[in-house]
Amino acid sequence: MDFHFKVLKTDPTGARLGRLTTPHGVVDTPAFMPVGTAGTVKGLTQQALGELGVQVLLGNTYHLYLRPGHETIRRLGGLHRFMAWPGSILTDSGGFQVFSLADLRKVTDEGVVFRSHLDGSEHFLTPEKSIEIQLALGSDIAMVLDECIEYPADHARAAAAVKRTAEWARRCRDYAQANAGASTTPGQALFAIVQGGMHADLRRESARQLVDMDFPGYAVGGLAVGEPHGLSCEMAATAAAELPKDRPRYVMGVGLPEQLANFVGCGIDMMDCVLPTRNARNGCLFTSAGRVNIKNAIYADDSRPLDERCSCMVCRTYSRAYLRHLFQANEILASILNSHHNVAFFLDIMGKIRQAIAFGDLADFSSEFQARMEAGES
RNA sequence: GGACGGGUGGGUGAGUGGCUAAAACCAGCAGACUGUAAAUCUGCCGCUCCUUGCGGGCUACGGAGGUUCGAAUCCUCCCCCGUCCA
């Protein structure tokens, strides 16, 4: 199967219902992609992910390069076979680590020198190296190496990152084209990443530069780095307006449950976020009535399901009291069940968003959802 | 009966004259988490009062006395708990 994307319907709000086809299957969009940095969505088996209806998940170039090593994964048949995941995979390029490992790296035009967070060893990640790794991993969608900057960042700083990101995108594209045969997944696609901080002119400029390079898909990066949600949406919409309508658009690293529909309304087709899994492990559960901190004492005797409106395995089977107990007792099952529910909840939202676009009432869905979240427990 | 060692806040356990309402860890309570250096991190954690302040009062380091300007820390006696000797 070759990579292609088809917009099935565009909502008056700008939201798109679509279908992405990758070498490993179909992805209904708008899609939420759980994050599986190190070749595992923490707390969930691949079987569970399949049962939850996950169609695409993330892996991380930087992490898998450091451990177990991309050549090891290549020898084992690529990331899909290595982790026994038959569905689609998108790999991040290491660009986010340019941001999050600020204390452990040095950026130059040539690339990024990282000190491994595992053993302190030095590694030089260039655009070419990032692609070389991703070709070995054989993700369905690789990402260009970008420079993700902090918030706030002034115009000059953001402009420099835009310039560098464009140069790196070109190098990534050229290297990927020249070495396509080295991929463990024939037909692997490469997405570019729009930067520009919170400066609309730079977002537009970045998008145009990348569109000129003709990528099969485009991401908007550098959002959800601490700025207010309204600004994120504004930047996502600004970038999306410059992007070709027939290519998938992906906002990286978002968002909260109540934010997902807003990005979709900006014309976004794909999102990923660590929140459902990370927060699950930290006892923060997302429900249709808002956040539930399952470690709170008020749940000690609560026999109700976590979310009465959720039909996931956890909500069908276990009480809040039990989930709290597992968390308090530091039991592994707490992470497993909490992650299961949170991912199910995010996927459920996306399903409802797709349905709402199909029915043409995304705006209604969005405001209803928001209202229920804010109303909290009844 | 004798010789040592020890009794500290819910637990373990530091502290051996003032900087100690008493380290640290655990437990408990609450909060945070947005392309994962995260099963992590932060705050609170004797009682009480208010004008919520690096505020006031009270209680507290087995018990009772004492020394001292000042004691969890020094002295005396007593009570417990360990180990060893009879």
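**The RNA surface**

Reply: Around RNA strand B there are 48 residues, the closest being His 117, Cys 148, Ala 224, Gly 253 and Cys 284. The model is predicted: local features need pLDDT of at least 70, side-chain atom pairs count only at pLDDT 80 or more, and totals for chains, interfaces and linings use all residues. Residues are numbered from 1 along each chain as its sequence is written, while chains are lettered from A and ligands numbered from 1 in the order in which they are written.

Me: What makes a residue near a strand?

Reply: Its C-beta atom, placed from the backbone, must lie within 6 Å of the strand.

Me: How do the residues of the surface near RNA strand B divide?

Reply: Into 20 nonpolar, 20 polar and 8 charged. Nonpolar means Ala, Val, Leu, Ile, Met, Phe, Trp, Tyr, Cys and Pro; charged means Asp, Glu, Lys and Arg; the others, Gly among them, are polar.

Me: Why does Asp 214 count as exposed?

Reply: Asp 214 has 10 C-beta neighbours inside 10 Å.

Me: Why is Ala 224 partly exposed?

Reply: Ala 224 has 19 other C-beta atoms within 10 Å, so the label is partly exposed. Phi of Ala 224 is near 60 degrees, a positive value in a residue other than glycine.

Me: Which peptide bond to Pro 30 is cis?

Reply: The one from Thr 29, with omega near 0 degrees. The bond from Tyr 151 to Pro 152 is also cis, with omega near 0 degrees.

Note on methods: A residue is buried if 20 or more other C-beta atoms lie within 10 Å of its own, exposed if 12 or fewer, and partly exposed in between; C-beta atoms are placed from the backbone.
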